[in-house]
Amino acid sequence: MRQACRDGQGADPHADRLDGLDRGADDYLPKPFAFAELVARLRALARRSQPAIPPVLSARGLTLDPARRVASRYGKRLDLGPKELAVLELLMAAGGRAVSAEELLERAWDEMADPFSTAVKVTVSRLRRKLGDPPVIETVTQAGYRI
């Protein structure tokens, strides 16, 4: 039947289109087609492919909007630097999982960061101070940090 459809003999002429769409295709443009229609379909696809806005993260009185780079605790806006925001985002996005200092260094700093530096420890310390009480960031022995 599949072959008959491709040959256009006796089978549903839309079967291949329906099969392709059911298997995950976004669109189907049968031949012959107008070039203007192809361009219009490409424009429509480009409109749909705008990057998704990252979700606002919340945990233990903290709110972080990664898109706007704004954090607050109990409604009070926090004055955080870029590294502090990056570390906070990584910890909040981990959903309670401990994040190692190595992972934080790898993901929040550039590739030139010294793996033996105390940058992560210092940044977490500053972040804890700015977040205030009750403490939010927990040190997990031999695993890293978590919220």
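**Helix α4 and its surroundings**

Helix α4 is followed by G95, a residue with a positive phi, near 60 degrees. This is a predicted model, in which local features need pLDDT of at least 70 and side-chain atom pairs count only at pLDDT 80 or more, while totals for chains, interfaces and linings use all residues. Residues are numbered from 1 along each chain as its sequence is written, and side-chain values use heavy atoms, with hydrogens and water left out.

The mean pLDDT (the predictor's confidence in each residue, from 0 to 100) is 87 for the protein, and 90% of its residues reach 70 or more. Over residues 1–8 the pLDDT is below 50, and this stretch has 12 contacts (heavy atoms within 4.5 Å) beyond near neighbours in sequence.

Helix α4 covers residues 82–93, 12 residues in number. From first C-alpha to last, α4 reaches 16 Å, close to the 16 Å expected at 1.5 Å a residue, where the expected span is 1.5 Å times one less than the number of residues.

On the α4 side, K83, E84, V87 and L88 meet T123, V124, R126, L127, K130 and L131 of α6. The residues of this contact divide into 5 nonpolar, 1 polar and 4 charged.

Note on methods. Helix = DSSP H or I, 4+ residues; strand = E, 2+ residues; numbered from the N terminus. Nonpolar A, V, L, I, M, F, W, Y, C, P; charged D, E, K, R; others polar.
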